[in-house]
Amino acid sequence: MKSRYDVLVIGGGPAGAIAAGTAAKAGLSVCLVEKRPAIGAPVRCAEGLGTEALAEFTAPDPCFISAELRGAGIVAPDGSSLQLNSQMAGSKVGYILDRKVFDRELVWRAAETGADVAVKTRASAPILENGAVKGAVLQYCGQTMRVEADVVIAADGVESKFPRWCGIDTTVPVREIMTCAQYLMTDIDIDPTLTVFYVGNEIAPQGYLWIFPKGDRSANVGVGISGLKSGSGHRARDYLDRFVASKFPNGKTIEYIVGGVPVCQPLACTAADGLMIAGDAARVVDPLTGGGIYNAMFTGRLAAQTAVSAISSGKCTKDVLMAYDRGWRESHMGKTIARNWHLKEYFVKMTDEKFNALISSVSTLNLEEISTKNLVRELIRKNPLVLGDLAKLALSLR
Amino acid sequence: MLHVFRDVCGYCGCCVSVCPEGALELIDAYLEVGDNCTGCGICAKVCPLGALEVKDEVPV
Ligand SMILES: Cc1cc2nc3c(=O)[nH]c(=O)nc-3n(C[C@H](O)[C@H](O)[C@H](O)COP(=O)(O)OP(=O)(O)OC[C@H]3O[C@@H](n4cnc5c(N)ncnc54)[C@H](O)[C@@H]3O)c2cc1C
Ligand code: SF4
Ligand code: SF4
């Protein structure tokens, strides 16, 4: 590792890896630091990603694909269910990744493109000069190092600390953290091409439970609930254990996964002098689905592109780096987050009776493309009375 | 005082994200509690596993 780089990236998740790769490809000197000894492990994800979302960044390499999806199912509190199919015959709607391999592959590619990578290396403080970020203090196996950089990209995930040390409040409101527990289970009866979601206040208050296939008889079985609903005796893990005991009593758990997903609105500002914040650290997860892999890669890439032009202009001040903040907010991704936050606020207040009515109103939906937007639009069309109060939001779904 | 049950913790960082004081930090698999912890208990509430508990200081 050198003592100076053009760009220093903190965090080796999808946001950091894509940021480092993009900046290196443009010819900048880049270093990515990851505090964990191994990229991608332990996993904190259900690993679902849409076909097009993946294609925007890489071809679907079999080494990191666990399952190919053809549809999705939603199960109501009373057991009625709704099946979502893609109209494009035979088309894959998405994948369940193997994030241990995927995340490592992305960092590997960044390294091959020319980025330096340091694992088991933790950023412990920013280097600040007159309030501007000029690099970071790093801890590597008991050694302290100072690395200067024109631009620091904080891609330090849900547990992000770096922006906070720079004076930016990243606290997630309790009611907007999805607290999650998941088992990777094997020897269970599932449909290996279908993701299944269970909703309802008994099964997953203000959240949902998922079964994401990882193979013919294996799946990520997990649950996320609102932090507000979590407490002693009724934590995410309690809900998961209850479900697994009744649904998959003979399944075997081969991996134990926990995590938090920020489903709040994004940070009010994601750029400062010498600093950009990307991925979960910027709180850019889709608030309705909890999906954050694509958004992490999208913001990581945009942050790096902004760094490239800022560095070539010789000015890395906040006003220049704000192009990044504006860029993602105005993008399709940014607009989807804004809209889905409102939808989430609507759905978390939904009663079980309403869920039952909605889901039993239609048993199969053939959508041109499976997306929350198309699903909600169809549900509103079929349930004008139940979802009448959603009508004003419906306008934004066109 | 905030107590971490280290055998229970799955080092996921969920608690770190909600602490209003920024008192928690995940150092790989080790959750560190800073001196600025006020014992408010928000982190203990959201932990998916119940690995955190605010215990009253017992005077010796
Ligand atoms: C249970 C669960 C299920 C999920 N399911 C899905 C899903 O199906 N689909 C989907 O799209 N999304 C899902 N998500 C969300 C998704 O996992 C995240 O949005 C995504 O990982 C964000 O990527 P990131 O690069 O921003 O952060 P991360 O992947 O969290 O990477 C951040 C990295 O930064 C490192 N780091 C942190 N601090 C420092 C430091 N000071 N110094 C050095 N390194 C540091 C961390 O160790 C970590 O490796 C799920 C999340 C959870 C918890
Ligand atoms: S939320 Fe719980 S399991 Fe996760 S790091 Fe904090 S104490 Fe550990
Ligand atoms: S008890 Fe409150 S102040 Fe202390 S670590 Fe937890 S959330 Fe932060």
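Biologist: Which kind of ligand 1 atom lies 2.9 Å from a backbone N or O atom of A:Gly292?

Modeller: A nitrogen atom of ligand 1. Before we go on: this is a predicted model, where local features need pLDDT of at least 70, side-chain atom pairs count only at pLDDT 80 or more, and totals for chains, interfaces and linings use all residues, while side-chain values use heavy atoms, without hydrogens and water. Residues are numbered from 1 along each chain as its sequence is written, with chains lettered from A and ligands numbered from 1 in the order in which they are written.

Biologist: What else is around ligand 1?

Modeller: Take a residue as surrounding a ligand if one of its heavy atoms lies within 4 Å. Ligand 1 has 35 of those, and the closest are A:Ala15, A:Glu34, A:Ala46, A:Gly48 and A:Asp280. For polar backbone atoms, A:Ala15 has one 2.9 Å from an oxygen of ligand 1, and A:Ala46 has one 2.9 Å from a nitrogen of ligand 1.

Biologist: How do the two shells divide by residue type?

Modeller: Around ligand 2 there are 10 nonpolar, 2 polar and no charged residues; among them are B:Cys9, B:Cys12, B:Cys15 and B:Cys47. Ligand 3 has 8 nonpolar, 3 polar and 1 charged, including B:Cys19, B:Glu21 and B:Thr38. In this scheme Cys counts as nonpolar, Glu as charged and Gly as polar.

Biologist: And how much area is buried between chain A and chain B?

Modeller: Interface size is often given as the accessible area lost when the parts come together. Here, with a 1.4 Å probe and summing over both parts, it's about 2100 Å², with 58% from carbon and sulfur atoms. A:Lys161, A:Arg235 and A:Val258 supply 24% of chain A's buried area, more than any other three residues. By contact (heavy atoms within 4.5 Å), chain A brings 31 residues and chain B 26.

Biologist: Which residues form the salt bridge?

Modeller: The count is 1 (a Lys or Arg side-chain nitrogen within 4 Å of an Asp or Glu carboxyl oxygen) between the chains: B:Glu25 with A:Arg122, closest N and O atoms 2.9 Å apart.

Methods: Buried area is the accessible area (1.4 Å probe) that two parts lose on being put together, summed over both. A polar contact is a pair of N or O atoms within 3.5 Å; within protein, one must be able to donate a hydrogen and the other to accept it, and residues adjacent in sequence count only if both atoms are side-chain atoms.
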